[in-house]
Amino acid sequence: MGWQLRFHGVGSASAVALGSAMATIERGGRPWLTVDCGGEGLTAYLADYGAYPQAVFITHAHLDHVGGFERLFVASYFDPERHGKVKVYVPAPLLPLLHQRIGEYPNVLAEGGANFWDAFQLIPVGAAFWHDGQRLEVFPVRHHWPDSAFALRLRGSLVWTGDTRPIPEMLARYADADELIAHDCALHGNPSHSGIEDLEHEYPPALLRRCLLYHYASAADGEALRARGQRVAEPGQVVALNPPAHPVVDVT
């Protein structure tokens, strides 16, 4: 068993039945790196693995993508095996927003004596970072406001767009090695999210065939997207990935 992507949730912020958009890259059948930490997504993660994530990448600070952090804090802070060891990779421009959203509540513990980030190993990242011997790339997407949302690339294996409008120029650069592209797409677009007509207009057919769509509004909308010939992710779905193209570095 090699590399896989497991979807814990595939819905938009209001599509609770589909779960908050969140996934885990697996290696050898085990969780390797989780993308985002929404509330429903974290519940699904626990059901899938029976434990909390050990490494998380954050795409942006909207609450359907970071709303599980309070539970993750409690699970990490009070566990000596996890305290200060759970890696949280955050694009550097997101740090102020993320801290305001989840880390700035006064006295994170009523007893005092604790800071929110004590529970984690917070790792600000730029255009690229290393995780477990693999180099991953980070690039901005078009969601709500400039430099407020970012995508993740494991070269040759996966591009996870996060919430975004169409980004043909970015995918021409960051999805040029036959990666699976997990792409935000609803039946109808808006100023912060892609709709299927947007993608069909902006992306060449060969690129669109590599897209696996998530962050849609309902099961019915998912079926409508499939009726247009698109691949659509479902909660709990596991998808095989190509091995990363970048060579593994021995870090032992």
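**Overview**

Buried residues make up 53% of the 252 residues in the protein, where buried means under 20% relative accessible area with a 1.4 Å probe, protein chains only. The model is predicted: local features need pLDDT of at least 70, side-chain atom pairs count only at pLDDT 80 or more, and totals for chains, interfaces and linings use all residues. Residues are numbered from 1 along each chain as its sequence is written, and side-chain values use heavy atoms, leaving out hydrogens and water.

**Overall form**

- The protein has eight helices and 13 strands, taken as DSSP runs (helices H or I, at least four residues; strands E, at least two) numbered from the N terminus.
- The C-alpha trace spans about 55 × 40 × 35 Å along its principal axes.

**Core**

- The largest nonpolar core has 77 residues, and L5, F7, F69 and F120 touch the most other members.
- Such a core is a set of buried Ala, Val, Leu, Ile, Met, Phe, Trp, Tyr and Cys residues joined through side-chain atoms within 4.5 Å.
- Beyond its neighbours within four places in sequence, F120 is in contact (heavy atoms within 4.5 Å) with residues including F69, L72 and F73.

**Aromatic rings**

- There are 17 aromatic pairs, counted when ring centres of Phe, Tyr and Trp (its six-membered ring) lie within 6.5 Å; planes under 30 degrees apart are stacked, over 60 edge-to-face and the rest tilted.
- F69 and W117 form an edge-to-face pair, 6.5 Å centre to centre with 70° between the planes.
- F69 lies in helix α3 (residues 69-77) and W117 in the loop between α4 (95-103) and β6 (120-125), 48 residues apart.
- F69 is buried at a relative accessible area of 0%, and W117 is buried at 17%.

Methods:
Buried means under 20% relative accessible area, exposed over 50%, partly exposed in between (1.4 Å probe, protein chains only).
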